[in-house]
Structures are given as structure tokens and as C-alpha cells.
Amino acid sequence: MTCFGKMFSSVDDRPYERVPFRIISSGRNVYGGGNNLQGCVNDTNMFPQPLISAFPDIDIRRFTDYQATVKNYKLSASQAISTLSPGSVVCVIADSCFSQGITKGNPHDTFNGKRVRNRFLPNPSVPIGMLVKRQIFRSGHLRWLVISACQENQTAADAYFSDIKKYMGALSYGLRRGYEREMTWQEWFSMAVAILYQLEFDQIPTFEGPDSLKNEIIGANETLIIHNSSHGTQVVDTSGDEVDGVDEALYFDKVLLDDEIHVILQNIPLLSN
């Protein structure tokens with residue numbers, strides 16, 4: 001057990017109380033079968049660092065490797081959302097691949113002299129090359145913000161960054177490096193994109209949500225960031241709500257459908273009219 005903003009080695013069982021700023025981060029490197037990644041745990045440990053400096057009382061909840069499970073993601077997100085006040089800002093940051101990622105290589109065979117891996121686990125039941133309509137977190141109905149690592153025809157890179165001498169996800173690295181105090185969410189996202197462009201990663205992160213939230217200064221209102229660093233995948237849609245017949249999913253110990261995350265986010269409290 002530790003205080004706010006510090007790392008811990010066991011599952012954090014502190015109760016969820018109302019706080020001005022909270023980050024929940026789930027990072028999983030370990031998959032087996034040749035699918036292991038190298039930067040996800042680093043993302044969970046390092047991505048929040050500039051925000052910890054800006055908001056000393058921030059509450060950090062980290063889940064890494066075997067703790068980074070679908071159960072822990074859903075439970076922690078639900079419990080954190082249950083503490084929010086009306087008018088709070090929730091930003092979901094997904095450093096994973098979601099769609100056609102396996103059909104296109106990363107921008108480099110190597111980057112900084114190290115092999116680049118993509119964060120996509122192919123599903124044998126979903127044909128490679130299938131056109132996918134990206135619907136992550138049911139983005140047409142947002143009352144929240146979603147920053148995703150790449151577009152549907154791209155991979156999300158897991159790469160070695162020589163300035164920090166560590167592997168990270170390109171998106172998490174860009175956000176960590178690009179954050180400055182008093183930024184708006186839009187400015188933060190734009191800075192991260194510019195950093196990835198400067199480093200010649202061809203993945204293009206996406207940013208969805210209402211302009212009223214995008215242009216708000218980060219931390220101006222009660223804030224929850226739900227960040228994951230992991231593989232992404234696709235599964236055949238069984239509910240009939242996807243035009244292309246495919247659901248996008250995060251992959252931890254098993255798949256977490258965008259439909260399931262959408263349900264959790266519906267509990268974000270609204271301001272009264």
C-alpha cells in the first residue's frame with residue numbers, strides 16, 4: 001500500500017473516494033506465444049509522471065502484467081466513475097491497435113536500433129484485410145473524450161526511445177513528453193501527434209469527443225483518465241450493432257469489447273439542465 005502518486009507492487013485495494021484528479025492505468029506486456037510486448041508496463045509507470053508533477057494530490061491506480069485484467073479494468077473504471085460529480089471530465093486513452101493493424105507494418109523495421117512491434121493480436125475468425133469501420137467505445141455517442149493510438153488501417157508502435165533508454169508505446173510516449181501545465185486537452189493531443197510526426201511514426205492518433213470538453217484546460221474540473229497500454233484485437237460482432245460485423249476490443253487476459261466499455265461510461269454523471 002502506498003500514498004497517492006506512488007507505485008505499488010500488489011493490487012491496490014484502497015477504497016475509491018472522490019478526488020479532484022485520478023488516473024487508472026492498465027499495462028500488460030505478458031501474453032505468451034511470441035506476442036509479448038516491451039513497453040506497456042513502462043507506459044503505466046511513466047505516462048502519468050508529468051501529471052503527477054502538475055497535480056501533487058493526484059490519485060494513481062496502476063495494474064501491470066497479470067494484474068492488468070478485464071476484471072480489474074472494468075471494476076476500477078466503474079468504481080472511479082461512481083465517485084464523480086456532475087460536470088466531471090473522463091478521458092479514455094487507448095494505446096492499442098483496434099482494427100486492420102496486422103495488415104500494415106510499422107513505419108520502421110527498427111527504431112533507435114531496436115525492433116518495433118505492433119500492438120495488435122490477429123483473430124483467426126476475422127479475415128486479415130477485412131475493411132473495418134472504427135467504432136471504438138461507441139464514439140458516436142460520446143459524453144467523454146477518447147484518445148486512440150492509431151487509425152483503423154494502422155498499427156500502434158511499441159518502440160525503444162533512446163532519450164529515456166526504455167520501450168514505450170508511441171502514443172503514451174508522445175503524451176508524456178508533450179504535456180505542459182495549463183494545456184487544454186486539444187493542445188495536449190496535438191502536441192503528442194506532432195512529436196510522433198517528428199519521430200517519423202506514421203500512426204495517426206485520433207481524438208473524439210465534444211468540443212466543449214476538448215477545449216477545456218486539463219484538470220480545470222474533476223478529472224478521470226482511464227489509460228490502457230496493451231494489445232488490441234477484433235472479434236466477430238454478435239449483438240448486431242456494428243455495420244461491418246466486427247467489434248474492436250482491448251486485450252488483457254481476455255478480450256474487453258468496446259460495447260462493454262460503452263456501458264461503463266454511460267454512468268458518468270451529467271449536469272442538470
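I start with strand β3, which is mostly covered: seven of its seven residues are buried. Buried means under 20% relative accessible area, exposed means over 50%, and partly exposed is in between, using a 1.4 Å probe and protein chains only. Helices (H or I, at least four residues) and strands (E, at least two) are DSSP runs, numbered from the N terminus.

Before going on, a word on the source. This is a predicted model, in which local features need pLDDT of at least 70 and side-chain atom pairs count only at pLDDT 80 or more, while totals for chains, interfaces and linings use all residues. Residues are numbered from 1 along each chain as its sequence is written, and side-chain values use heavy atoms, with hydrogens and water left out.

Back to the strand. Which way do the side chains of β3 point? V89, C91, I93 and D95 point one way, V90, V92 and A94 point the other way, and all are buried. In a regular strand the side chains alternate between the two faces of the sheet.

Now the neighbours of β3. Two strands pair if DSSP finds at least two bridges between them. β3 (residues 89–95) pairs with strand β7 (residues 145–148) in the parallel sense, over four bridges. Within that pairing, V146 in β7 is the bridge partner of V92, and I147 in β7 is the bridge partner of I93. Strand β11 (residues 223–229) also runs parallel to β3, and seven bridges join the two. There, V89 stands opposite T223 in β11.

These strands belong to an open sheet of six, in the order β2-β1-β11-β3-β7-β10, with mixed pairing. Its edge strands are β2 and β10, each of which pairs on one side only. From one strand to the next, the twist averages 10°. For such angles, axes are lines fitted to C-alpha atoms, for helices over the stretch in contact, and the angles run from 0 to 180 degrees between N-to-C directions.

At the β2 end, strand β1 (residues 21–27) pairs with β2 in the parallel sense over six bridges. G27 stands opposite T64 in β2. Is β2 enclosed or open? Five of the six residues of β2 (residues 59–64) are buried, so the strand is largely enclosed by the rest of the structure.

S76 has its place in helix α3 (residues 70–82), and S76 is buried, with a relative accessible area of 3%. Leaving aside neighbours within four places in sequence, S76 is in contact with Y16, I24 and F63; contact means heavy atoms within 4.5 Å. Y16 comes up again, as R61 lies over the face of its ring, at 4.1 Å from the ring centre. A charge sits over a ring if NZ of Lys or CZ of Arg is within 6 Å of the ring centre and within 35 degrees of the ring normal. Likewise, the charged end of K114 sits over the ring of Y160, 5.1 Å from its centre.

The other helix is α7 (residues 258–265), where six of the eight residues are buried, so this helix is largely enclosed by the rest of the structure. The buried residues of α7 are D258, D259, I261, H262, I264 and L265.

Last, the aromatic rings. How many aromatic pairs does the structure hold? It holds 12. Rings of Phe, Tyr and Trp (its six-membered ring) pair if their centres lie within 6.5 Å; planes under 30 degrees apart count as stacked, over 60 as edge-to-face and the rest as tilted. F161 and Y173 form a stacked pair, 3.8 Å centre to centre with 5° between the planes. F161 lies in strand β8 (residues 157–161) and Y173 in helix α4 (residues 170–178), so the pair ties together parts that are 12 residues apart in sequence. Both F161 and Y173 are buried. The rings of F161 and F201 have centres 6.0 Å apart and planes at 45°, so that pair is tilted. F201 sits in the loop between α5 (185–198) and β10 (206–208), and the pair links parts of the chain 40 residues apart. F201 is buried as well, with a relative accessible area of 5%. Elsewhere, F47, Y179, W185 and W188 form one aromatic cluster.
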